[in-house]
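Trainee: I would like to go through some of the labels used for this model. For each one, please show me the value and the rule behind it.

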Amino acid sequence: MKLGDGVEAAIHCAAMLAGVDGDGTLPGNVMAEAFGLSPSYLLKHLKALTAAKILESVPGPSGGYRLARAAEKITLLDIVLAIEGREPAFRCGEIRQKGSYALDPAAYVKPCGINVAMLKAERAYRAALTETRLSDIVADFNATADQRIVAASCAFVALNQRPQNSKQRLINERKMP
């Protein structure tokens, strides 16, 4: 199974946003710069996370992105499904019924064993991603990563976050559809 690069970018950005203070935001172009990504490429994934209600997009000069809910309430599966879609990774095309030796459809009463095995693996994979929360990823990073990386990440977020005061937040909420 191969997930698109957007999944990695989305998880890293969500983890970065978990470090933003209060109602603050981080601009998409700043996150793209932090990870060496094209802003237009990342924006596509940030929009998908926003549509899935994992992130909030705040318009205006002090706008950007922030988590839409607490990191404890966001699973890795939430992020993967937002980026990759809800369809299983494996989609059986029932090619066993299409070849030169295909029989009458009545011969294929039993489900395809390959499809059964792949869907079983998909359920296990999704269950594992459901067990892992964004807050777990952040906590593990803070506890086990080289402290230079942790300090640099925290400094980057602190330098680039855009605080939202209550007046600005009310203005932004009125502008949002």
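Mentor: Start with helices α1 and α4, which are called oblique to each other. The model is predicted, so local features need pLDDT of at least 70 and side-chain atom pairs count only at pLDDT 80 or more, while totals for chains, interfaces and linings use all residues. Residues are numbered from 1 along each chain as its sequence is written, and side-chain values use heavy atoms, without hydrogens or water.

Trainee: Why are α1 and α4 called oblique?

Mentor: Their packing angle is about 135°, with the axes 9 Å apart. Angles under 35 degrees count as roughly parallel, over 145 as roughly antiparallel, 65 to 115 as roughly perpendicular, and the rest as oblique. The angle of about 135° falls in the rest, so α1 and α4 are oblique. Axes are lines fitted to C-alpha atoms over the stretch in contact, and angles run from 0 to 180 degrees between N-to-C directions.

Trainee: Which residues of α1 and α4 meet?

Mentor: From α1 come Gly-6, Val-7, Ala-10, Ile-11 and Ala-14, and from α4 come Leu-76, Ile-79, Val-80, Ile-83 and Glu-84. By class, this contact (heavy atoms within 4.5 Å) has eight nonpolar, one polar and one charged residues. Asp, Glu, Lys and Arg count as charged, Ala, Val, Leu, Ile, Met, Phe, Trp, Tyr, Cys and Pro as nonpolar, and the others, Gly among them, as polar.

Trainee: What makes α1 roughly perpendicular to α3?

Mentor: Helix α1 (residues 5–17) packs against α3 at about 70°, with axes 10 Å apart. That angle makes α1 roughly perpendicular to α3. On the α1 side the contact is made by Asp-5, Gly-6, Ala-9, Ala-10 and Cys-13, and on the α3 side by Tyr-41, Leu-42, His-45, Leu-46 and Leu-49. These residues divide into seven nonpolar, two polar and one charged.

Trainee: How do you know how α3 lies to α4?

Mentor: The axes of α3 (residues 39–51) and α4 (residues 76–84) come within 9 Å and cross at roughly 120°. The pair is therefore oblique. His-45, Ala-48 and Leu-49 of α3 make the contact with Ile-79, Ala-82 and Ile-83 of α4. There are five nonpolar residues, one polar and no charged.

Trainee: How many disulfides does the count come to?

Mentor: Zero, by the rule that a pair of cysteine sulfur atoms must lie within 2.5 Å. For Cys-13 the nearest cysteine sulfur is that of Cys-154, 16 Å away. For Cys-92 the nearest is that of Cys-112, 4.2 Å away, and Cys-92 is in no disulfide.

Trainee: Why does Lys-53 count as exposed?

Mentor: Its relative accessibility is 60%, so Lys-53 counts as exposed. Lys-53 is in the loop between α3 and β1 (55–58). Its phi is near 65°, a positive value in a residue other than glycine.

Trainee: And where is Glu-94?

Mentor: Glu-94 is in the loop between α4 and α5 (113–131). Its phi, near 50°, is also a positive value in a residue other than glycine. At 25% relative accessibility, Glu-94 counts as partly exposed.

Notes: Helices (H or I, at least four residues) and strands (E, at least two) are DSSP runs, numbered from the N terminus. Buried means under 20% relative accessible area, exposed over 50%, partly exposed in between (1.4 Å probe, protein chains only).
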